[in-house]
Amino acid sequence: MSERDLDPRTGLVPGPGAAALLRRLDSTRVLIRTTADSGALALSLANHLVRICPSVAVDAPPIGVNLPVFGMGTLPELAARLLNQARIGRAEGAEGPANLVIGVGDVTAGADLYVSANGWSLRLSVDPHEPLAGRGPAVSAAAALAAAEVFRRLLPELPGVRLARDFEWNLCDYRTRVSEAFPPAAPVDAVCFGAGSVGSSLVLALLLSRAMGDLVVVDDDRLESRNRLKYPAWIGEPGVRAKVDWLQGLALGTSLRVTPYHGSCADWQESGPSAPAMAVAAVDTREGRRQVADVLARETLNAGIEGLAMHVSRNRFGDGLACVYCPYVDTSDRASETDVLRELTGLDSARLLELLGGSKLTAEDVNRMVAGGRLSEADFDLVGGRIGDVARARLYAGARVKTGSGIAEVNAPFVPALAGAILAAEMLKAPGSAAVLDRRVDVDCSGLPTGWTSRPVADPSGRCLCHSQVRRRAYLRAWPKEYPPAGVAEPKGNMKR
Ligand SMILES: [Zn+2]
């Protein structure tokens, strides 16, 4: 198997069209032109793009900046170091003229795509626009959406919508316009379950927004080289292997205190903490979300990713609208998680249940998947990993591109980054303020955000944890004044304890 077949950009099982597709990405040259006040956006965009197409250059004025994660120095110095460290793939023919020029910030001519952002709003356009400038979660969202637009242009085979003229969006009410008002802010006070691509992107977006406050991050996993592509916060050598320690290190010296907890959500729960004001479900299994629902946080933020589509929801508990677990309950009878994984991995149900319960992948598991054609021989670093790693490698945050020679799966690392930016925006809004997400926003990165949000109702089957009277009473005891759940006094017949 050649080195190109193992390129992480096409995931663990590259389709037959992958080699030609990677050649196209390797020979594309992107130039980012930026101005002094848009360094964080320019570097964030370069960070996404250089993981997709290796020939990225940044043309920036030599002003000094100090940015969390990216470091301290002049903008060109930081860009050079970032591109060198984050690049995936080989830059081929990097000397020729750029195929695509992106103007970031106050760039008035000469680009194919223009992007700017202030703290809470962003603009994208094909012609120069009145630039926005500032710091906040919309900077990270703008970088992810601009990377998605470049991704769609580089892969015209993908179905979906391209930017036709101009586009505006904001992370206050998620409508497709620039928001004049900023939401009332509050220091971060939350527990984040999961330090993978979404959890680490959340921390990156918070740091770049100069967030203050306290964030506990709960995860039992270690960094592996296969994670690098999808973790935009992974730029330099981490120096530690536990994901939670790595995130704590990124936040050192900033106003955000990250406290690591090595373990699963269930371990953390058993350690006897009081219910947190806010929990974040940055996990990728149904069981993971069930455990987060059981924490009974006052509010829970959830991110879900499938292919190029993602959603973020802001949930309460037992108030008639969906809790964090509600959307995942009803799937149990139709296609269960083990059925999906059995198809994906070729492992038997008994073993899958052990793995879903937290057991780590053994050499025998990986051997069996390789023998069954589910993984390539180069994937032995999955030994000691989690079953979710296999699923993620094939299903998570990627595009299926139909090429002349077949289907190729291409990773789309900007999708979890966008989820992280939206989670960060919701964490920075004062709880209970009118500006918080009214339940759920969906973005399909095969196009642009629609400007709509939705209010999904609670699981109608009555089987979700949020129908349990015991849990509803515990939630009310923990949060007697805020967000009282509806219907506690009048239990319905279909409710289960
Ligand atoms: Zn529920």
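This report walks through the packing and the cavities of the structure above.

The model is predicted, with local features needing pLDDT of at least 70 and side-chain atom pairs pLDDT 80 or more, while totals for chains, interfaces and linings use all residues. Residues are numbered from 1 along each chain as its sequence is written, and side-chain values use heavy atoms, leaving out hydrogens and water.

**Cores.** A nonpolar core here is a set of buried Ala, Val, Leu, Ile, Met, Phe, Trp, Tyr and Cys residues joined through side-chain atoms within 4.5 Å, with buried meaning under 20% relative accessible area (1.4 Å probe, protein chains only). The largest one has 116 residues, and W169 and F414 make the most contacts inside it. Helix α4 (residues 137-154) gives the largest share, 13 residues; helices are DSSP runs of H or I, at least four residues, numbered from the N terminus. A second, separate core holds 28 residues, including V191, W268, L465 and C466.

**Cavities.** On a 1 Å grid over the protein atoms alone, a cavity is a set of points where a 1.4 Å probe fits but cannot get out, and lining residues have an atom within 4 Å of a point. Volume is the space filled by probe spheres set on the points, which are joined across faces, edges and corners.

| Cavity | Volume | Lining residues, among them |
|---|---|---|
| Largest | About 90 Å³ | S44, H48, S201 and P232 |

Domain 1 (16-170) and domain 2 (188-324 + 414-478) both give residues to the lining of the largest cavity, so it lies between them; the bounds come from an automatic or database domain assignment. Helix α5 supplies the largest share of that lining, four residues.

Technical notes: Buried < 20%, exposed > 50% of the residue type's maximum accessible area, 1.4 Å probe, protein only. Helix = DSSP H or I, 4+ residues; strand = E, 2+ residues; numbered from the N terminus. 1 Å grid on protein atoms, 1.4 Å probe; cavity = no way out; pocket = protein on both sides within 12 Å on 5 of 7 lines; lining within 4 Å.
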